Amino acid sequence: MLTVSHVGRRFPSGTEALRDANLHLREHDFIALLGPSGCGKSTLLRLIAGLDQPDSGELIWENGPPAAGDIGFVFQDATLLPWATAEDNVFLPLRLRGVARDRGMPDVHAVLHRVGLKGFERARPRQLSGGMRMRVSIARALVTRPRLLLMDEPFAALDEFTRHKLQADLLDVWRQAGCTVVFVTHSIYEAAYLARRIVMMTPRPGRIDREITSTLAHGPETRLDPAYASLVAAVAVGMEKALR
């Protein structure tokens, strides 16, 4: 899908966020970008999304630049319109593309149901819990049926129980939607649970240091599986090496 080739990014302040970063994204990947705070994970995500431009290197899309709606982005904060209902927040990307409301609402309701919000279509953000607001944000990113879903630490502010539930639900959504996911996190446990490919970054200036491929089978008891514990340990060792 995409090759990130020798990408560097230095901000006007002089901060060098990325240096010689290389990454390949394939169709239907689930990649976790793992690294310490400030290592350039979010910067790389913004470059992939087209929200920023590299100072060096290039991003090479296999079939040309993505079309409108091909990329969905979920930020750390749900960033919902406080005056709008859940369905209107999710409808926003379609409205901006000129889709009529009566034509777009079936897709809006379908994706809200997919993320577990059936019955909350008319609720406003203040009426929803933090986890539910994040579900609305995920639904908004999915409503255009993107090929690539970018997620920037979306569960970081949630309590552990809600976070675990949303992680499991996200895997279900990923399987159903068939898209590629790039998920930024600084949690080894989260990366090991979610990703098929765990990509580890060095401290700033960030670069891709190493990668671990996961074959972990997911189910209700995954977190109690010795294979999960072994994967967490392997990722922890890998991150120790990346941080040297």
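Mentor: The secondary structure of the protein comprises seven helices and nine strands, where helices (H or I, at least four residues) and strands (E, at least two) are DSSP runs numbered from the N terminus. The radius of gyration, taken over C-alpha atoms, is 18 Å, close to the 18 Å that the globule rule (2.2 Å times the number of residues to the power 0.38) gives for 244 residues, so the protein is as compact as a globular protein of that length. This is a predicted model, in which local features need pLDDT of at least 70, side-chain atom pairs count only at pLDDT 80 or more, and totals for chains, interfaces and linings use all residues. Residues are numbered from 1 along each chain as its sequence is written, and side-chain values use heavy atoms, with hydrogens and water left out.

The part to examine is the open sheet of six strands, whose order is 5-6-7-3-8-9 and whose pairing is mixed; two strands pair if DSSP finds at least two bridges between them. Strand 5 (71–74) and strand 9 (208–213) stand at the edges with a single partner strand each, so one side of each has no neighbour in the sheet. From one strand to the next, the twist averages 15°; angles run from 0 to 180 degrees between N-to-C directions, and axes are lines fitted to C-alpha atoms, for helices over the stretch in contact.

Within this sheet, strand 6 (residues 148–152) and strand 7 (residues 180–185) run parallel and are joined by five bridges. Met151 has Phe183 of strand 7 as its bridge partner. Helix 4 packs on the sheet and touches strand 5 and strand 6, its direction making about 165° with that of strand 5; contact means heavy atoms within 4.5 Å. Helix 7 (residues 226–242) also packs on the sheet, where it touches strand 3 (30–34), strand 8 (197–201) and strand 9, and its direction makes about 170° with that of strand 9.

Helix 4 (residues 130–142) also meets helix 5 (residues 160–177): their axes come within 11 Å and cross at roughly 20°. That makes helix 4 roughly parallel to helix 5, a term for angles under 35 degrees. Gly131, Met134, Arg135 and Leu142 of helix 4 make the contact with Thr162, Lys165, Leu166, Asp169 and Val173 of helix 5.

Methods: Angles under 35 degrees count as roughly parallel, over 145 as roughly antiparallel, 65 to 115 as roughly perpendicular and the rest as oblique.
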